[in-house]
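Subject: Structure handover

Hello,

Here is the structure I promised to pass on. Please open it first, then read the notes below.

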Amino acid sequence: MTSTTFSISDLAREFDLTARAMRFYEDMGLLQPGRSGPGGRTRIYTGRDRTRLKLTLRAKRLGLSLTEAKELIDMYDSPRDTGPQLEKFLCVLADHRAHLEAQLADLQATLAEVGEHEKEARALLAGNRKVSGSSTSKSKK
């Protein structure tokens with residue numbers, strides 16, 4: 001039975017990453033490639049590493065930190081009982097949802113304030129045009 005392996009450039013290309021990003025994920029403990037070649041300089045990634053990378057990038061898209069991603073992904077390495085894993089995932093998602101909803105509320109408040117300032121500025125501009133238009137017509141008489 002042969003298992004598929006990947007080089008750093010294979011995975012970097014597949015997931016549109018740089019080799020530097022791949023090494024950073026390795027330093028964070030998210031990936032654990034084997035080593036080969038002189039001095040163990042060549043990284044050999046397995047299907048497990050590919051899956052962990054895919055999950056890491058998914059967690060990033062959700063806005064999770066790499067530490068949160070690692071905690072969740074590490075939990076799935078021991079699939080005896082998925083209950084605690086799913087509970088932890090739900091807690092992380094709930095926290096993240098609350099954070100995003102707070103950001104959304106802040107953005108909506110800021111947009112409302114911008115709208116009020118625009119309205120005031122347009123009213124002032126319209127008032128200035130009327131004043132300058134009437135003074136121009138008086139000076140022409």
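Helices (H or I, at least four residues) and strands (E, at least two) are DSSP runs, numbered from the N terminus. With that in hand, the order along the sequence reads β-α-α-β-β-α-α-α. That comes to five helices and three strands. Please keep in mind that this is a predicted model.

Overall shape. The radius of gyration of the protein is 28 Å, whereas a compact globule of 141 residues would have one near 14 Å. The C-alpha trace spans about 100 × 40 × 25 Å along its principal axes.

Burial and surface. Of the 141 residues, 21% are buried. The accessible surface is about 10400 Å², and carbon and sulfur atoms hold 57% of it.

The core. Nonpolar side chains tend to be buried together in soluble globular proteins. Which residues of the largest nonpolar core touch the most other members? They are Leu-11, Met-22, Tyr-25, Leu-31, Tyr-45 and Leu-53, out of 19 residues in that core. At least two core residues come from each of helix 1 (8–14), helix 2 (19–27), helix 3 (47–61) and helix 4 (66–75). Helix 4 gives the most, with four residues.

Take Leu-11 as an example. Leaving out residues up to four places away in sequence, Leu-11 touches Phe-6, Met-22, Tyr-45, Arg-50 and Leu-53.

Charges. There are 24 positive and 19 negative side chains. The centres of the two sets lie 10 Å apart.

Best regards

How values were computed: Residues are numbered from 1 along each chain as its sequence is written. This is a predicted model: local features need pLDDT of at least 70, side-chain atom pairs count only at pLDDT 80 or more; totals for chains, interfaces and linings use all residues. Side-chain values use heavy atoms; hydrogens and water are left out. The radius of gyration is taken over C-alpha atoms; the globule rule is 2.2 Å times the number of residues to the power 0.38. Buried means under 20% relative accessible area, exposed over 50%, partly exposed in between (1.4 Å probe, protein chains only). Accessible areas come from the Shrake-Rupley method with a 1.4 Å probe; for residues, only the protein chains shown count as cover. Lys and Arg count as positive and Asp and Glu as negative; His and the chain ends are not counted. The place of a charge is taken as NZ of Lys, CZ of Arg, CG of Asp or CD of Glu. A nonpolar core is a set of buried Ala, Val, Leu, Ile, Met, Phe, Trp, Tyr and Cys residues joined through side-chain atoms within 4.5 Å. Contact means heavy atoms within 4.5 Å.
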